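Visitor: Before we start, I would like each label you use to be set against its cut-off, so please show me what we are discussing.

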Amino acid sequence: MIVCVAVVGHQNNPLYIQSFTEADDALKLHHIVHCSLDVVDERVNNPKKSGLTLNETFLGLLYPAENYKVYGYLTNTKVKFILVTTDLDVRDADVRNFFRRFHAAYVDAVSNPFHVPGKKITSRTFAERVSNIVKSFGFNSVG
Amino acid sequence: MMMLLGMLTCRLASAFAELANVYYRDEGRRIRTRVEKKSFNSNELNVRYCFKVAVYAEFRRDWAEAWRFYEDAYHTLREMVGTSNRLPAVQRLVEIKTVAEQLHFKISTLLLHGGKTAEAVTWFRQHNASYKKLVGLVDSVFLHWEWMSRQFLVFAELLETSAKTSHGSSTLAVGTADNPLTEWEFQPAYYYQYAAHYLKEKRDSFEIALSMLEMTDKIDSRAESVVPSIYMGQFARLLDEGDKVSMEPLIDEEYIQYAIAQGKRFQDSLEIVVLLRRAYESFSNLKAQRMASLCGFQMAREYFSQDDFGNAKQLLDEIAHLYRKEGWVTLLWDVLGYLRECSRKCNAVKEFTEYSLELAALPVFSSFGVQSLRSKECGPAGPASFAQREVIHQEVFGLVNGETGFETIENSNLKITGDNPLHLETDLVSPLRLVLLASVAFHEQIIKPGLPAMITVSLLSQLPLTVNIDQLEVQFNQSECNFVIQNSERPPSATIPNGQQGRRVENASSLALVTNKWLRLTYAVIPEQSGKLECIYVIAKMGPHFTICCGAESPASMEDLPLWKFEDRVETFPTKDPALAFSGQKAAQVEEPDPQVDLIFGATGPALVGERFMIPVTVASKSHPIFSGELKINLVDVKGGGLFSPREAEPFSMDSHHVELLGVTGLVGQDESQLGPDKMKKIQRSFGLVSVPILKDGDLWSCKLELKWYRPKPIMLFVSLGYFPDSNEASSQKVHVHKSLQIEGKTPVLISHQFMLPFREEPLLLSRIKPLAVSDQLASLPLKETSILIVSVKNCSEVPLQLQSMSIEMDDVSERTYVLHDGGKDILHSAHLVPGEEFKKVFTIIPEVETSNLKLGSVALRWRRNFVTGDQSTSTATDDWVLTKDQLPDMCVEVSPLVISVECPPYAILGDPFSYLVRIRNQTRLLQEVKFSVADAQSFVLTGFHSDTVFVLPKSEHIIAYKIVPLASGVQQLPRVTVTSVRYSAGFQPSIAASTVFVFPSKPHFKTAAQCKELVLAE
């Protein structure tokens, strides 16, 4: 189950962060998302070591936190998507597929002429769409 | 002897080793067969045997086998978790975990020592996954967490030691499907962090267990006699029965009591801090600042719970800085909550207020806090919500206003009183910029002194509730301009500080700061001083003893509000005029008062190169008296280059000053003595500084600048006068008057020269006939023959010049090697040259030495401007004679072997025969064979040979004589003689000018001057 998704701007500032848990661990998830940026930085700065190929947006598993797994995705505008899940056995393809759909939703949200680039995403449509993507995660891996 | 002993020892050792090896191999094999045959009925034994085999294999350095059997033992043990029922449940689990820990340690060590870090990490992951869920019973949970913490700690330390020995960290791609390991899992810091985390879990559950135990009050002394059994992970009660000691198995309850009693001895907090600090430092070294911050935050929370506020605050401040920078508001909120609580507990009023204000001004909205945070999870700041911001806002303003009724504040000793006022400062980088932002814009960039200039002060606050400001003070760098804006809704505070007395006080109807809305106030200031006028601070007084001093910012260069810049909020301009919001500056330039003094130049040039050119400068006071006047003179290259620095092409030398300021003279209207020693007069080549005496209103003062040009060049002359219009220099302002003038320096005369030979005489100069390149050959002069030098001087200036003398002067070093006949007297009484006119002078030169390099010297011309027509008042030059020199070229002197001269009368008469002689002079000691020929001329009949060859004896002369009768009148060309020297195979002809004669139709009657005089007298 996905417990948190986040969009992080190129100054490493949160643009959108939403957790999907009943438990009150939003703050913890914020910490996890924030810490995962260190791994993103590390991967982006040492692409050779981390084996990232050119133009690869999917960063893979960033790090396993206590009960979570954190995945990352980096768009070509240096906006990062972070996914925190409690599923211990996640298929790479599922995560890739999730990010692909999430990216599309993000692109639509920021294409809104009333959206100012670099500001937080407050669009309700985006939130709904993200929520749908999150709900469908893992069920239809074909997407 | 020693060697022998050493050898023996070696041999002994190897013998023992061999024996031991054999023993352990056999022993291992024996047990291994037992394991393989499964000739036992309990898993315990299986584990035990596997362990034995593995240890024996280790003794034999058979790492692969050791590893295999350890792993077997580990897996068998894991299977036992659900099946074994030998011991009571809690103790059973404890035993299994203790053994598992041992086996895991062995396996990890083997893997790490074998350099298989990735395998070790994967192994640890599996180990963690398979035991993490084995929590056990509720009241023994703390044992599980303690065990978990230990697993992480031990693995971290193993990893750390192995990292020190081998640096071969995996270069495999991480975080992918092929390799699910990630970077941090190779870092000990990651494990330290989790060791701390589980230890924290342990502490929490331990506290619960302890409190439950205390509640039931079942602590008895039986637990004191519990000791570890001889088997690992087993405990037993020691029964002391006199001289016999026996062990008795425990029931779980007793064991838990024992474990709690043991656990009470440990200070988990200290241990947690130590672990976190290791993780923190390690992550910091890895430049993983966010991970480090999280560890730091956990550490700070630990310190906080131990009431160590100093350490907590130090860590939290650092972390808050990162969160502020990256705009993680929720995290920052939490950190600030702790910081605020720390300062409250330390009774630091100022910091408490700062943190409270920052918290209240954070971009946290109700919509965000939908998921209500558990009160335990959220820090002392409470849940991050708009409502909580309002609460904090009210609390802090209650504190600064001295109100009561706020629980948080009343519980503390925080107080702000008249003796202990609170003064906060914010600037560009301060986090309090969110609380109060002051933007100041002058409406005009350049303002006149003494006239009112409009200024808009705009304030912005992100505090959640409206704030009423009692009084605003605007401070400038010129303190006379400072003013105070009083809120007329509030009663004026009775105690106006002393420093504010005499300041301008304005009244504003309302000074209410609404959230995210600019409070714009426009007032006029009247600057008196010229120069920069800059608004520095805006100080807002918000309570009886509370002020915020805000650094003023220019709207043009204002940065976005930190944190709020990521929010989707309405942004407005600090000023009503949008243009001013883009260009407004907090500083303006105050102009100088207008000068009431004229600076007049008396001449405009052009100047002539070489002369001392005078420029009269007049200072005329119109309505200002002049005190401490200073005249600055600057010469600048018109092209804008440096002050007469050499151009690229010209080498640098002292002559690079093509124009020089020689001095300032003729200080009209005052004696030189009046310039006291305190008065300045400083003259440099291109710069001068002269004091101007005290002048009354309407007075005039003038001086002359003396300039000299060394080369023709236009320059810019800048003269500026700085003075005080008041005798009191301290109070009045210096006023400056500037004037500039472009002056051209021109060449006055153009000197040229020309060499000529005597009329109708032609020496044969061999160098002229040699087919040599002309360029590298100097012009030749015949030795001991007369040559004529004509020097002409042309006035190329625009003014008439007067010449004094012209002569040829030798340079100092060389001696004259020729005879010079000066054509006239040295003094030229009336040689006035109007512009464009030319003056010529003839010199005769007879070279006396044969040389290839005859120094002729240079033409020296003394001249000056002609004052006869010039007006003396505007005269710009002195009456000194100016010497201009022009170098004559070097000449070559050579002997001419033959000289031919043509002799004929100056004129001829039609039909009247005359003799035409051609003299060939042989100057050599050789017999010269000379061919000559005469070409017929139309207008003449001649007698004699047309062509012949003659021999001229050495040092003698041959004359070829003709009788010629002119047949036509006018200027006629004589028959041309061509002479060819056979020896030198050189032919030469007299020039056409030399072979021309004027033929009169009849004999003319000339009247000489003497005859005319006689005639006049006779008449």
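Visitor: At what angle do helix H11 and helix H12 of chain B pack, and how far apart are their axes?

Guide: This is a predicted model, in which local features need pLDDT of at least 70, side-chain atom pairs count only at pLDDT 80 or more, and totals for chains, interfaces and linings use all residues. Residues are numbered from 1 along each chain as its sequence is written, chains are lettered from A in the order in which they are written, and side-chain values use heavy atoms, leaving out hydrogens and water. Helix H11 (residues 309-326) of chain B packs against helix H12 (residues 329-345) of chain B at an angle of about 150°, with the axes 9 Å apart; the axes are lines fitted to C-alpha atoms, for helices over the stretch in contact, and angles run from 0 to 180 degrees between N-to-C directions.

Visitor: Why is H11(B) described by its particular orientation to H12(B)?

Guide: The angle is about 150°, and angles over 145 degrees count as roughly antiparallel (under 35 roughly parallel, 65 to 115 roughly perpendicular, the rest oblique), so H11(B) is roughly antiparallel to H12(B).

Visitor: What kinds of residues make up the contact of H11(B) with H12(B)?

Guide: They divide into 13 nonpolar, no polar and four charged, where Ala, Val, Leu, Ile, Met, Phe, Trp, Tyr, Cys and Pro count as nonpolar, Asp, Glu, Lys and Arg as charged, and the others, Gly among them, as polar. Among those on H11(B) are B:Phe309 and B:Lys313, while those on H12(B) include B:Leu331 and B:Lys345, contact meaning heavy atoms within 4.5 Å.

Visitor: How do you know whether B:Glu326 is buried or exposed?

Guide: B:Glu326, found in helix H11 of chain B, has a relative accessible area of 3%, and buried means under 20% (exposed over 50%, partly exposed in between, with a 1.4 Å probe and protein chains only), so B:Glu326 is buried. Not counting residues up to four places away in sequence, B:Glu326 touches A:Gln11, A:Asn12, A:Asn13, A:Pro14, A:His34 and B:Arg290.

Conventions
Helices (H or I, at least four residues) and strands (E, at least two) are DSSP runs, numbered from the N terminus.
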